[in-house]
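Biologist: Can you walk me through the charged pairs in this one? I'd like a quick chat about what sits where.

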Amino acid sequence: MSTTLFLAAALMAQAPVTLTVPAPSVPATDVGYHELVAGRPEAAIARIERNGLARAGDPLALINLGTAYKMLGRKDEAARLYRAAASSDDRFDVELADGRWIDSRRAANIAIARIGSDEMLALK
């Protein structure tokens, strides 16, 4: 075995494995983002429920669905959906409306913490 190949194998064995999973490539309209930022929570709910992603446990859809219910004053339902996203087995990096990327569980926990505020969390 060559020295270079042996060194590469040794380095790979020592390097920590990091796996970043991007959010699924779902158009923003599928998770109701445009409807949420336009202040149309009913339309967002209809779109998200129609595509089935929330029923499948998709954290992005659960968070946006929760936000739509929060906009309608249904904070208990919103909190339930945010908690489901926070405890989901699926975990993605998600884009916030301001362009920042964070872990979907962190986004869900931020939404839970802000359930009593007027702030709305919409994910692209």
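Modeller: Start with arginine 91, which is partly exposed at a relative accessible area of 42%. Partly exposed falls between the two limits: buried is under 20% relative accessible area and exposed is over 50%, with a 1.4 Å probe and protein chains only. This is a predicted model, where local features need pLDDT of at least 70, side-chain atom pairs count only at pLDDT 80 or more, and totals for chains, interfaces and linings use all residues. Residues are numbered from 1 along each chain as its sequence is written, and side-chain values use heavy atoms, with hydrogens and water left out.

Biologist: Which side chain does arginine 91 meet in a salt bridge?

Modeller: Aspartate 103, at 2.7 Å from N to O. The pair links distant parts of the chain, twelve residues apart. Aspartate 103 is in strand 2 (residues 101-103), while arginine 91 is in the loop between helix 5 and strand 1 (93-95). Helices (H or I, at least four residues) and strands (E, at least two) are DSSP runs, numbered from the N terminus. A salt bridge here is a side-chain nitrogen of Lys or Arg within 4 Å of a carboxyl oxygen of Asp or Glu.

Biologist: Is aspartate 103 buried or exposed?

Modeller: Aspartate 103 counts as buried, at 19% relative accessibility.

Biologist: How many salt bridges does a search of the whole structure find?

Modeller: Five. One of them joins arginine 80 and glutamate 77, at 2.6 Å from N to O.

Biologist: Where do those two lie, arginine 80 and glutamate 77?

Modeller: Both are in helix 5 (residues 75-86). They are three residues apart, about one turn of the helix. Arginine 80 is partly exposed at 43%, and glutamate 77 is partly exposed at 24%.

Biologist: What does arginine 100 form with aspartate 98?

Modeller: A salt bridge, with the closest N and O atoms 2.8 Å apart. Arginine 100 is partly exposed at 47%. Aspartate 98 is exposed, with a relative accessible area of 52%.

Biologist: New topic. Where is alanine 86?

Modeller: In helix 5. Alanine 86 counts as buried, at 18% relative accessibility.

Biologist: What does alanine 86 touch, leaving out residues up to four places away in sequence?

Modeller: Arg105, Ala108, Asn109 and Ile112. Contact means heavy atoms within 4.5 Å.

Biologist: And what separates the C-alpha atoms of alanine 86 and leucine 62?

Modeller: A distance of 9.4 Å, with the two residues 24 apart along the chain.
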